[in-house]
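Keep the viewer open and follow along.

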Amino acid sequence: MKATEIKKIACIGSGVIGASWATNFIMKGYPVNVYDIKQEQLELAKSNIDNNLKFLFEEKILTAEEVEKAKSLVNYTTSMKEAVSDVQFIQESGPERYEIKHAILDELEKYTSPETIYASSTSGLLITEIAKNAKHPERCIGAHPYNPPHLIPLVELSKGEKSSEEAVKTASDFFKLLGKEPITLQKEALGFISNRLQVALYREVIELVMRGVCTVEDIDKAVCFGPGLRYGTMGPNLIFQLGGGPHGIKGIMKHIGPSVELWLNDMASWTKVPEEWADIAHEGVVEEMANREPEFGQNNEDLTKFRDRMLIDLLKLHKKL
Ligand code: NAD
């Protein structure tokens with residue numbers, strides 16, 4: 001199947017990620033069946049999707065007509081048969097547990113044609129394991145978004161042992177049609193690429209606070225006003241290319257490499273998050289939120305709006321919106 005043959009999509013699971021994916025598909029003009037096991041969850045998803053569209057209208061990304069058109073493209077259902085029978089692409093965003101992914105796949109394979117692509121939003125489970133009981137494992141792939149998927153362009157595509165090259169290629173082409181930035185893992189890896197990077201950084205966040213080097217708030221300042229600002233413009237390799245001046249990335253590796261080895265020896269290498277961390281992090285975040293200027297967001301709702309407005313400005317600069 002070619003990407004242009006994808007005409008209709010099913011979003012299986014309509015929580016944080018499923019509702020955002022649905023927003024993405026409908027804002028690009030694709031009809032979507034949104035499925036969940038609970039009617040109340042579907043009602044919540046509808047309200048979240050409508051809010052996402054309202055926000056995109058307020059930010060002048062969509063016109064009033066486009067919002068109405070997008071709303072008309074969603075069908076909410078608790079029937080798996082209705083959700084997947086007439087679609088060519090399934091974006092599964094159910095709970096992050098192998099046994100639930102297995103049950104969902106088992107159920108949906110009763111009603112789909114073998115060509116329909118099953119793409120899991122899993123944050124880092126292995127596709128080989130997710131698809132191990134599938135009748136058609138060749139159509140099963142990973143398509144990991146970054147929250148919120150209707151704004152963040154990255155999609156990490158991953159293959160299981162039995163995934164077909166065609167399924168991955170079609171998904172990659174399809175996400176490009178949506179204006180996303182898909183990358184494909186050449187090998188399976190738990191946590192994929194971006195989450196491994198994120199967790200590597202976060203281990204050192206925990207280490208620095210637990211050692212008493214700095215506060216939770218200082219960490220956020222260090223990332224947001226330092227490397228984070230630069231990472232919003234380009235990736236770490238290009239950043240080092242510039243850091244090396246005329247000698248580029250090779251120059252910087254030679255220049256600071258030996259000193260970095262000293263730091264690496266001093267950095268965290270543990271693999272179990274300290275039990276007390278969640279409470280320490282929570283306390284730090286509450287204090288940090290209270291210290292922010294009100295216009296920058298002091299609660300989750302306002303912080304989300306603050307984040308999404310900034311993302312929109314940045315995405316425009318990247319010519320992604
Ligand atoms: P969530 O808990 O918000 O949503 C999960 C949804 O699945 C709920 O609406 C729930 O009712 C529904 N559900 C439960 N059992 C189901 C079943 N048998 N069939 C269909 N739906 C069922 O979770 P989320 O944060 O949206 O995560 C969904 C997936 O996306 C996970 O695999 C997660 O790892 C991945 N993901 C999450 C994030 C994130 O930041 N939250 C980012 C990227 C990927």
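Predicted model: local features only at pLDDT ≥ 70, side-chain atom pairs only at ≥ 80, totals over all residues.

Is His102 buried or exposed? Its relative accessibility is 16%, and since the cut-off for buried is under 20%, His102 counts as buried.

What does His102 touch once residues up to four places away in sequence are set aside? The list is Glu129, Ile130, Lys132 and Asn133.

Next up is H1, a helix of 12 residues. From first C-alpha to last it reaches 17 Å, close to the 16 Å expected at 1.5 Å a residue. H1 is mostly covered, with 10 of its 12 residues buried. If you want to colour them in, they are Gly18, Ala19, Ser20, Trp21, Ala22, Thr23, Asn24, Phe25, Ile26 and Met27. After H1 comes Gly29, and its phi is positive, near 95°.

Thr23 is worth a click while you're in H1. Its relative accessibility is 0%, so Thr23 counts as buried. Ignoring neighbours within four places in sequence, Thr23 has contacts with Ile49, Asn52, Leu53, Leu56 and His150. For a sense of distance, take Glu96: it is 73 residues from Thr23 along the chain, and the two C-alpha atoms are separated by 21 Å.

## The second largest pocket

H1 also turns up in the lining of the second largest pocket, where H1 (16-27), H2 (39-58) and H14 (300-317) each supply at least two residues. The space in this pocket comes to about 610 Å³. Its lining has 20 residues, and the closest to the centre are Asn48, Asn51, Asn52, Thr304 and Asp308. Asn52 has come up already, as one of the contacts of Thr23.

Which helix gives the most to this lining? That would be H2, with 8 residues. By residue type, the lining splits into 9 polar, 6 charged and 5 nonpolar.

## The kinked helix H12

Now jump to H12, which covers residues 248-266 and has 19 residues. End to end, C-alpha to C-alpha, H12 reaches 27 Å, close to the 27 Å expected at 1.5 Å a residue. Even so, there is a kink of about 55° at Gly257, shortly before the proline Pro258.

Gly257 is also buried, and so are Gly248, Gly251 and Ile252 in H12. What do the buried residues of H12 pack against? Their partner is helix H11, spanning 236-243.

Glu181 is found in strand S8, which runs over residues 181-184. With a relative accessible area of 40%, Glu181 is partly exposed, because that value falls between the 20% and 50% cut-offs.

Setting aside neighbours within four places in sequence, Glu181 is in contact with Pro153, Leu154, Val155 and Lys320.

A few backbone spots deserve a look before you close the viewer. Asn147 and Pro148 are joined by a cis peptide bond, with omega at about -5°. Pro148 belongs to the loop between strand S6 (140-145) and strand S7 (154-159).

Then there are two lysines with positive phi. Lys60, not a glycine, has a phi of about 65°, and its place is the loop between H2 and helix H3 (64-72). At 74% relative accessibility Lys60 is over the 50% cut-off, so it counts as exposed. Lys319 is another non-glycine with positive phi, near 55°, and you'll find Lys319 in the segment after H14. Its relative accessibility is 73%, so Lys319 counts as exposed too.

Methods
Residues numbered from 1 in each chain as written. Heavy atoms only, no water. Helix = DSSP H or I, 4+ residues; strand = E, 2+ residues; numbered from the N terminus. Expected span 1.5 Å × (residues − 1). Bend = angle between axes of the 7 residues up to and from the residue. Buried < 20%, exposed > 50% of the residue type's maximum accessible area, 1.4 Å probe, protein only. Contact = heavy atoms within 4.5 Å. 1 Å grid on protein atoms, 1.4 Å probe; cavity = no way out; pocket = protein on both sides within 12 Å on 5 of 7 lines; lining within 4 Å. Points joined across faces, edges and corners; volume = space filled by probe spheres on them. Nonpolar A, V, L, I, M, F, W, Y, C, P; charged D, E, K, R; others polar.
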